Amino acid sequence: MNTFLTIEDLTVTLGTSCPILRSVNLKVKAEEVRGLVGESGAGKSMIGKAVFGTLPTALRITSGRIILDGEDLQSLSPRERRRIIGAKAALIPQDPLTALNPSRRIGPQITNRLVDILGWHKADARLRALELLDEVHIPEPERVMRSYPHELSGGMRQRILIASAFAAKPKLIIADEPTTALDVIVQKQVLQMTKEMQKRHGTALLFVTHDLGVVSKICQSITVLYNGLVLEDTSIAQFFKQPSHPYSAALLRATPKYTDPDSSLMPVPSAVIRAADEEVRACDRIHQNV
Amino acid sequence: MDNARAQIKRKIGVRLWLSGGWLTFLVLAAIFAPLISPQDPLAQDLFTSRLPPFWVDGAEPGYPLGSDSLGRDVLSRIVFGTRIALSVAFIAGTITCLLGATLGLIAGYFRGWPDMLISRLVDIWMAFPPVLFAILLIAVMGTGLTSIIIAIVVIDWTRFARVIRAEAIGQSAMDYVASAQVAGRTRFSTMFREILPNVLPTIAVLLTLEMGIAVIVESILSFVNLSISTDQPTWGGMISEGRVSVHQAWWVLIFPLLTLFLTVLSFSQLGEGLKDHFDPVLK
Amino acid sequence: MTRIKRILLRLLTMSITLFGVAVIVFFVIRVVPGNPISMMLPPGAQEEDIARLQALYGFDRSIPEQFFIWLSGVMQGDLGTSITTHQPVLGLVLSRLPATLELSVVALFLAVFIGGFLALASTRMRGTRVEGMIDVANGMALSIPDFLWGLVLVLLFGVLWPVFHISGRISPTLDFQFQTKFYLFESVMRLRFDIWLDLVSHMFLPALALAIPLAAIIAQLLKQSLKETMHLDYVTLSRTKGYGENHVIIQEALPNAILPTLTLVGVQFTFLIGGTVIIERLFSYEGLGNMAIDAVINRDLPLIQGIVILFALIFTIVNLAVDLTYAALNPKLRHG
Ligand SMILES: Nc1ncnc2c1ncn2[C@@H]1O[C@H](COP(=O)(O)OP(=O)(O)OP(=O)(O)O)[C@@H](O)[C@H]1O
Ligand SMILES: [Mg+2]
C-alpha cells in the first residue's frame, strides 16, 4: 500500500540549540487514520506545521526529510513546495470560529485553492464545492456559499472546513484537534463526518488529539509524542491491549473510561515521567555527539 | 527576551537624552541670548545684507550663519527667537494642559450633563480648522504674546480633554475607585486623589507633545505675520522672510527651519519616550 | 428602523455642531475692537458714509439680531456679501472650493498610497532591517506637522533640486480656458495632459506635505493591524492551501486589517483638510485656505464666516462618509 506521508528523522529546533522535535519518524499510509497523541506542548502541532511549511519564524528544521506522496518537500523551491502542499495536503484546523476569513463569503474560501493554486475553472470549482457541502450534509449549500462566516454556527463552519479540506482531493489531511472547540454533540457529528469523508476519498489522515477515546474510535494506528520525542508507534489494537512504553500505559490509565465515569483520573506517575525524560536526554546526547 | 527588552530600554534612553539635551541647550541659549549672539538681532545694515554662512565664499566673520536681506544676523535672530518659542511652549502648553485636563477629568469622572456639555463642545471644536481658528483669534485680539497664548489654549484644549476623558472613564470603572467611594470620600476628593494620580503619566506625555505643537502654532502665526510685533525676531517670522527670498538666500530659510524642526522633533520624541517609560509593559 | 434612527440622530448632532460653529465664529469676530467699515474707507470719511455702509452690511443692529438675519440668509443659501470684493460670499467660496478639494483629495490618495505601501512593505519584511528603517522614518514623519514638511519640501524640490513648482496652482503663461474650477479633473477629461502635468507639478509638493503625516499614521495603524491579523488562524489556513506571502498579506490579512484603520483615518483626513489653510498659504495655492487668511487679515467678516462654516460642513460630511463606509465594508454590520 502507498505511504502518503513519510517523516524521517525530523528535528526542529528553537534558535540553534533548543529542540522542539527530536528525530521524529512518522508514516501515514493511504486510507489510514493515524492518531497523534501527547500532552500539551509535546510538539504535535509543530509536526503539522513542519509539513505545511508554516513553522513560527523562530523555529528551524535542522535535519530530516518530509516526503509527501513521493515528493521530498525539503528539496523543492519554496514556490514549488507550496504548490505541492496546496495540491496534495490539507489542514482541518482546530477552531472553526477563527479559521474562516470574516470578510469573505464561504464560497470563495472553499474554491480559492482550486482556482488559484490548481488552475481549475471557476464554474468547475463551484460545482465541486456544492458537491462537497452536500457530502457534509450542509442544507441549502447555494445559500451557504453566499454567506459570511458570522452568519453560520460553529458546527456548520467546522463542516465547511472539512469540506474545504477535501476539495482538492488531497492525499493527506492533517486534522489538528478539530473537535476541541466544539460542544459534545457537535463533536460527535464532526468526528463521524471526518471519518466518513476520509473513507470515501481514501485519504491518509493524521489526527492530532488529546483524547484516547476518539483515537480508539477512528484510528488504525497511533504515535505517542513526549517532549518532541516519539515514544510509541503502533497499531490501535496493540496499543490498547498492551502498549510497549510505560508512558503510553500511564496515559491509558490516565484516561477516564466511558464505561466507568466514576473512575478517578490517574495522573501519570512521576517515575514514568522521569524515565521518559531520561530517554529525551539520551536522544539529545546522541545528537550532540554526531 | 530580556535582551530585547534591554535593547528597547537603551533606544528609549538615547532618544530621551538627545531630545532632552537639545531642549536644555535651547533653554540655555534663551537665557544667555545676549551673551551668545554675535550681533544685535535687530540691527539692520544694508552693507552686510544677504551674507552667506561661514563656509561659503563671501562670508563675513561675525555673521556665522549669514544675514538676511536687511543685513540682520541670522544666528542672533535664531537665538533671540528661542526666547519667544520657549515662552510660548511652556506657558501655553501648561495652561492648555490645566484647562483641557480639568475639563476632561470632570467629563470622564462625573459623566451625566457635564460630560454631555463638554463632549458636545469638543465636537464643535473638532469641526473648526485649527489653524484658521487661531489666525482668526489673533486677528480679533491683536498680535502679541498674550494673544498667541490665548489662541493656543483656545484651539488646543480639546486634545487634552478628549484623551483624559477617555482615561478617566476607564479609571472610574476600576474597583479601587468604587472602594474609595464606599470609604466615604467626596466625589471631588476621589477625583483628585484616586483618578488624577493615575492619569498623571498621560498628562505629562500630552503636555510634552503640546509644547511642540505650541512652538509650531507660534511659528505658523509668525509666518502669516500675526504673531508678535514684526520687529521681534521669531523663528516663524524668519521662515516667512526666508520663504520669500529662498532663491536668493536659502540660508535665511534653512537655519531657522532646522532649529524649528529639531525642537518640534525633540518635544515629540521626549513625549514618546515618556510614554514608553510610563508604559507598564516595558517596566 | 434602527438604522434610519441612527442616521437621523447623526444628522441631528451634525446640525447641532454646525450651529455651534456658526454661533462661535459669529460672536468671536464681533468682539473685534476695530470697526471693519472704517478700514474700508479713506481716513477722514464722513460720519454718514460710515453709517450708510454699516447699515448696508447690517453692523448697526444688535449682535443677536445680526446673527439671526445672517442665519436665515444661510438657510436660503445666502452667505452675505464680501466687504473687500463686494461679491456674494457664496460665489467666492464656491469658486475656491474646487482647488482645495482637489488638493485634499490628491493628498489623501498620496497618503493612502504611501502609507499603505509602507505598511505592506514592513509587514512583508518583518524582522529585517527594512522594517526598522521604516519604523524610524515613520516616527519622524509622525512628529513633524505638515507646515514644516512643506518648508522642507520647498527647500529640497524648489531650491536644491528644482523639479517642482513651489507657488501657484498653474503656470500663468499657460493660456487655457477652463470651463470648471476643477482644473485637474477637467484637464484629464479634456485630454490635455500638458496642462495636467503643469497642474500636477504645482500641486505635488503641497499635497505631499499634507500627505506625509497622514501617510505615517496610516502606515503605523495598518502595520499594527496587519501584524495582529497575520497571526490569525484563517491566515495560517490560507498558507496551508499553498498561497505565498504576498497573497496572504494582500488578500487575506489586508481586507480585515483595513477596517480598524479606516475610522481613525477619517478623523485624520479632516485634520489634513484643516492643514490646507497654512499649506495653501505656504505654496501660494489659490484655494479656500489662502482666501481665508486674506479674509482674516482684511477683516472681511462675512467672508470669514462663510469659509469657516464651509470647512465645518466639509468636516462633518467627511466624518459621516467615513461612518457610512465603515458600515458598508463591515459584513457584520451590513447584515444586521
Ligand atoms: N512561536 C513559537 N516560538 C517558539 N517556540 C514555540 C512557538 N510555538 C510553540 N513553541 C513551542 O513548541 C512546543 C510544541 O508546541 P505545540 O504547539 O506543537 O504543542 P502541542 O503538542 O500542539 O500542544 P497542544 O496540545 O497544546 O496544542 C512547545 O513547547 C512550545 O513551547
Ligand atoms: Mg497544538
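## Where chain C meets chain B

Two residues are in contact when heavy atoms of theirs lie within 4.5 Å. By that rule, 48 residues of chain C touch 35 residues of chain B. This is a predicted model, where local features need pLDDT of at least 70, side-chain atom pairs count only at pLDDT 80 or more, and totals for chains, interfaces and linings use all residues. Residues are numbered from 1 along each chain as its sequence is written, chains are lettered from A and ligands numbered from 1 in the order in which they are written, and side-chain values use heavy atoms, with hydrogens and water left out.

Now for buried area, the accessible area (1.4 Å probe) that two parts lose on being put together, summed over both. Chains C and B bury about 3600 Å² between them, and 85% of that is on carbon and sulfur atoms. On the chain C side, C:F147, C:L155 and C:V296 lose the most area to chain B, together 15% of what that side buries.

## What the interface is made of

Sorted by class, the side of chain C that touches chain B has 37 nonpolar, nine polar and two charged residues. Here Ala, Val, Leu, Ile, Met, Phe, Trp, Tyr, Cys and Pro count as nonpolar, Asp, Glu, Lys and Arg as charged, and the others, Gly among them, as polar.

## Chain B itself

Chain B has ten helices and zero strands. These are DSSP runs numbered from the N terminus: helices are H or I with at least four residues, strands E with at least two. Along its principal axes, the C-alpha trace of chain B spans about 75 × 55 × 30 Å.

## Around ligand 1

Over in chain A, a backbone N or O atom of A:G41 sits 2.8 Å from an oxygen atom of ligand 1. A polar side-chain atom of A:K44 is also 2.8 Å from an oxygen atom of the ligand, while a polar backbone atom of A:M46 is 3.0 Å from one.

How values were computed
Polar contact = N/O pair within 3.5 Å; in protein donor to acceptor, adjacent residues only side chain to side chain.
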